[in-house]
Amino acid sequence: MRTPLLASALLLAGLATASAQNAGPDSGSAATPVPGQPATMADNLRPTFVAQTPDDMVASKLIGSSVVNGANETIGQIADFVLDQKGAVKAWIIGVGGFLGIGSKYVAVDPSVLKLNRADDKTLQARIDTTKDQLRAAPEYVYLGKEPPKGAAPASPAGEPAAKP
């Protein structure tokens, strides 16, 4: 019983497809096809492509880079960075404390206080004139939509001084 019913359904579907393929613009359809136009772009709108140079620093190499102080002590790692609406770095997020990222505290520092340079051809290094204790005492950076740690004062936006209680 199922086999004749299935065969009939397949036959009807095949006939419907064949008749739809045979229907052309003269078959009485209301929609008339529009000829295609090649996509064009004015010269001033064309994208500009850039090749990497040896002086360029890419984000994938910056994230996780050590942050050292004037005494050449490692005091944290670059965990993230914040861009403003124009694409300029607004703040560097430094992870301090913890072990292997567990228990780390994130602090946001103004981009003017963090100096980036190359330790060698492959390694980038960030320098800041502070101590690990000063970073630990700094207000914690809290990502939007995340809860601040219990008992912590709300963090101020990057670049602004923290409010005093």
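Is Tyr143 buried, exposed or partly exposed, and what is its relative accessible area? In the predicted model examined here, Tyr143 is partly exposed, with a relative accessible area of 31%.

The strands were considered next. Six of them form an open sheet in the order E4-E3-E2-E1-E6-E5, and the pairing within this sheet is mixed. Strand E4 (105–109) and strand E5 (114–118) are the edge strands, each pairing on one side only. On average, and with direction ignored, neighbouring strands of the sheet are turned by 40° against each other. Three bridges join strand E1 (residues 66–68) to E2 in the antiparallel sense. Val68 has Thr74, in E2, as its bridge partner.

Two aromatic pairs are present in the structure. Phe81 and Trp92 make up a tilted pair, with 5.5 Å from centre to centre and 55° between the planes. This pair links distant parts of the chain, since Phe81 belongs to strand E2 (residues 74–83) and Trp92 to strand E3 (residues 89–96), 11 residues apart. Trp92 has a relative accessible area of 6% and is therefore buried, whereas Phe81, at 23% relative accessibility, counts as partly exposed.

Definitions and conventions:
Residues numbered from 1 in each chain as written. Predicted model: local features only at pLDDT ≥ 70, side-chain atom pairs only at ≥ 80, totals over all residues. Heavy atoms only, no water. Phe/Tyr/Trp six-rings, centres within 6.5 Å; stacked < 30°, edge-to-face > 60°. Helix = DSSP H or I, 4+ residues; strand = E, 2+ residues; numbered from the N terminus. Buried < 20%, exposed > 50% of the residue type's maximum accessible area, 1.4 Å probe, protein only. Pairing = 2+ DSSP bridges. Axes fitted to C-alpha atoms, helices over the stretch in contact; angles between N-to-C directions.
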